[in-house]
Each structure stands twice: as structure tokens, then as C-alpha cells.
Amino acid sequence: MYRIDLHAHTRFFHGHRRLGDVYDPLGGRLLAGVARARGLDGVATTNHDYYRAFDDGIAGVAVLPGIEVSTTRGHVLVVGPDPPNETDPGELTPGEVVDIAHERDCAAIIAHPYRNSTVREVDAAFDAIEVNGKHPRTREWVERLAEQYELPMTGGSDAHYPVEVGRAYTAVDVDEPTPENVVAAIRDGRVEPRVADWLPYRLIGRLYRYVHAEKDQLDTPDWATPGVGTPPEDD
């Protein structure tokens, strides 16, 4: 069993593409270094709407290719051996992204389904749904969705700052954490989301809830059942 953060970014800022291209290799090494320090076996680089390979890695940490695509309905993670190099934000539908992912032997994962997204409402052949590290208290909602759509769940920190790596990650049942093996494990359901219960992570989570609520980016389920309709309180 390997522990892999399937949602991380090499930069803490958006835009400024030229500056970002210079920074990305350092950001990739920082992600991998923090992943190793946290006892993880791998991390996927899923930058917004572009993928760039990184030659410099950290011994003992697999750096998996990926991209976070900004679709017409929200974000979809594409993780695997051959993600697209670049996508135009807001141009592709979720279904089109799923098709592209599968054509490239990658997994398509619904990212943060209850933050600034209606991807969860789309009828497409997604491979998994994410428990997002910025809002782990929505896990019960994600579990309900996963049961409804018969999808496995993955975990990812959604880290933009290296210190956030490992806040949520995925336990992956593979012999070796290659991109091909990880994709197969996701599709077979040999994955399990994990959330690190660490006080600094909880404090960061509260900060993100405030910020995203102020931006009116947080959603609630259309259904409500005991224990599901209201997020669990933090301990």
C-alpha cells in the first residue's frame, strides 16, 4: 500500500505564466520534499490547465503527471501517464475532459465536488471522486455521492503551498506507484482517501472555509438525511 497525494500544485499563485514556468521546477522539488518528510510515497502535480514534466525529483518519492482542468462546470483532475499539456479554462465540458483522460490512459477525478463546482451533477464516466484536503468536513457528502454513483474515492491536499502536502492523500494498493498502476488501482477501486488529523491542518481548513465562504464558492447537497445534510463539527 502506497500513500500518494493526488492533488497538488507547484506554485502558490495563479497567472504570471512566465514567472511560474521559472518557479515550477523548484515548486515540484518542494512538493516532493515535503511529501517525503510527511511519510508519503508520491505526489501528483496537478497544476491549473497545464502539465509540465519535472526532471528533478526526490529519492523515494514518485512524482506523478497530472493536470487540473477548469471545465465549464468546475474542476476535474486528470492523472496518469499522459495528461494533456494544456487546456483552455472554461472551454471543455466535464464529459469532454473524461474522454480526453481515457484516450490518454489517465483517470478522471471529480475535484472538490462541493466547492465552486457542479461537476458532480454531470452524467459522465468519471473514475473517482475526491475528498479534498481544504474541506475534509465534506467527506460524508462525498461518501454519499460515491455510493450513489458507484465511484471510488481518492484524497488530495489541493496544496498550493508545500506545507499543505499530505493534508489529504490516497492509500493506493499497487506493487509499484507508477502512473499506469495508480490509474488501474483507481479504476478498480483499490484506493482509499485519508485525511491527516493534525491541528495546523485543521486551522488551515477553517481559514479556507472562511475564504471560500466569503467568495460564495461553497455548496451544500440537494438532499439531506441525518448525519449527512450538515457537515460534522470539528473536534
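I began with Thr154: leaving aside neighbours within four places in sequence, it is in contact (heavy atoms within 4.5 Å) with Leu6, Ile109, Ala128, Ile129, Glu130, Val131, Thr170, Ile186, Val191 and Pro193. A reminder to myself: this is a predicted model, where local features need pLDDT of at least 70 and side-chain atom pairs count only at pLDDT 80 or more, while totals for chains, interfaces and linings use all residues. Residues are numbered from 1 along each chain as its sequence is written, and side-chain values use heavy atoms, with hydrogens and water left out.

Is Thr154 buried or exposed? I found 1% relative accessibility, so Thr154 counts as buried (under 20% relative accessible area, with a 1.4 Å probe and protein chains only).

Next I placed Thr154 in strand 7 (strands are DSSP runs of E, at least two residues, and helices are runs of H or I, at least four, numbered from the N terminus). I then looked up the sheet, which is open, with nine strands in the order 7-6-5-4-3-2-1-8-9 and mixed pairing (two strands pair if DSSP finds at least two bridges between them). Its edge strands are strand 7 (153–156) and strand 9 (191–195), each pairing on one side only.

Methods:
Buried < 20%, exposed > 50% of the residue type's maximum accessible area, 1.4 Å probe, protein only.
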